[in-house]
Amino acid sequence: MVRRPVAWVAAIVLFVEAIGIALLNWFLGVVVDRQDMSLAGLDSDMMSVSSKVGGLVFGLYFALCGVAALLVAVRGRAPGLLGRILLISAAVVHGLLGAFTVGLVGWGAFVFMMVALGLIVFTLLAFDRGAGPADAAPGDGAGGKDGNGGTNGGTNGGTGGSPVTAPPAPSAS
């Protein structure tokens, strides 16, 4: 299957992004600090520190998302609730970053963001917890229990519901 390798690649991409975004914001903080200029009266030291802290927080967020993707790859099953929330939020962030980078940085950065978005979404969907044929209850076949606790005897195709009855005949009044 291709599910686990894609989850591995998604985890690696998220870890690389975590390091990249932290280093980029740290570099921007150093540049602002060395400029020693004010933007509309704001303290340059405050801007430098906030850029560095923001980069570290955002980098830790991507690293946590990478851990969630790594756990999916190692375990080979769908992420838990927290991991699912992290990966969905990372997908939304990549969609927004892709929209911003196409105008600010260029098409190359946009393609990278969309590839990362695709990897995250594939990881989420490939390990989906939705009910499929393999997840069906063992008593859903012919002669088993239906969803209401009675036996269906195989009369309704084994779907687990009650048999279909004909609608009432119209009355002639």
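Reader: Which residues of the largest nonpolar core touch the most other members?

Author: This is a predicted model. In it, the largest nonpolar core has 20 residues, and Leu14, Tyr61, Phe62, Cys65, Ala69, Leu87 and Ile120 touch the most other members.

Reader: Which elements give two or more residues to this core?

Author: Helix H1 (3-35), H2, helix H3 (81-104) and helix H4 (107-126) do. H1 gives the most, with 6 residues.

Reader: And what does Ile120 touch?

Author: Leaving aside residues up to four places away in sequence, Ile120 touches Leu14, Leu87, Ala90, Ala91 and His94.

Reader: How does the span of H4 compare with what its 20 residues should give?

Author: It agrees: at 1.5 Å a residue H4 should span 28 Å, and its end C-alpha atoms are 28 Å apart.

Reader: How far does H1 reach from its first C-alpha to its last?

Author: H1 reaches 48 Å with 33 residues, close to the 48 Å expected at 1.5 Å a residue. Its buried residues pack against H2, H3 and H4. Val6, Leu14, Glu17, Asn25 and Gly29 are among the buried ones.

Reader: What follows H1?

Author: Asp36 does, and its phi is positive, near 50 degrees.

Reader: New topic, rings. How many aromatic pairs are there?

Author: The structure holds 4 aromatic pairs. In one of them, Phe58 with Tyr61, the ring centres are 6.0 Å apart and the planes are at 15 degrees, so the pair is stacked.

Reader: Why does 15 degrees make it stacked?

Author: Because planes under 30 degrees apart count as stacked, and the planes of Phe58 and Tyr61 are at 15 degrees.

Reader: Where do Phe58 and Tyr61 lie?

Author: Both are in helix H2 (residues 44-75), 3 residues apart, about one turn of the helix. Phe58 also forms an aromatic pair with Phe62, and that pair is tilted, at 4.9 Å centre to centre and 50 degrees between the planes. Phe58 and Phe62 are 4 residues apart in H2, so about one helical turn separates them. In general, an α-helix has 3.6 residues a turn, so residues three or four places apart point the same way.

Reader: What do the ring pairs link together?

Author: They link Phe58, Tyr61 and Phe62 into a cluster.

Reader: Is Phe62 buried or exposed? And Phe58, buried or partly exposed?

Author: Phe62 counts as buried, at 2% relative accessibility. Phe58 counts as partly exposed, at 27%.

Reader: What lies over the face of Trp26?

Author: Lys52 does, at 4.8 Å from the ring centre.

Reader: Last one, confidence. What pLDDT does the protein average?

Author: The average is 82, and 80% of the residues score at least 70. Over residues 131-137 the pLDDT is below 50, and this stretch has 1 contact in the model beyond near neighbours in sequence. Residues 139-156 are also below 50, but there the model has 29 contacts beyond near neighbours in sequence.

Reader: How should low pLDDT be read?

Author: Where pLDDT is low, the predicted coordinates should not be read in detail.

Note on methods. Residues numbered from 1 in each chain as written. Predicted model: local features only at pLDDT ≥ 70, side-chain atom pairs only at ≥ 80, totals over all residues. Heavy atoms only, no water. Phe/Tyr/Trp six-rings, centres within 6.5 Å; stacked < 30°, edge-to-face > 60°. Buried < 20%, exposed > 50% of the residue type's maximum accessible area, 1.4 Å probe, protein only. Lys NZ or Arg CZ within 6 Å of the ring centre and 35° of its normal. pLDDT = per-residue confidence, 0-100. Contact = heavy atoms within 4.5 Å. Core = buried A, V, L, I, M, F, W, Y, C linked by side-chain atoms within 4.5 Å. Expected span 1.5 Å × (residues − 1).
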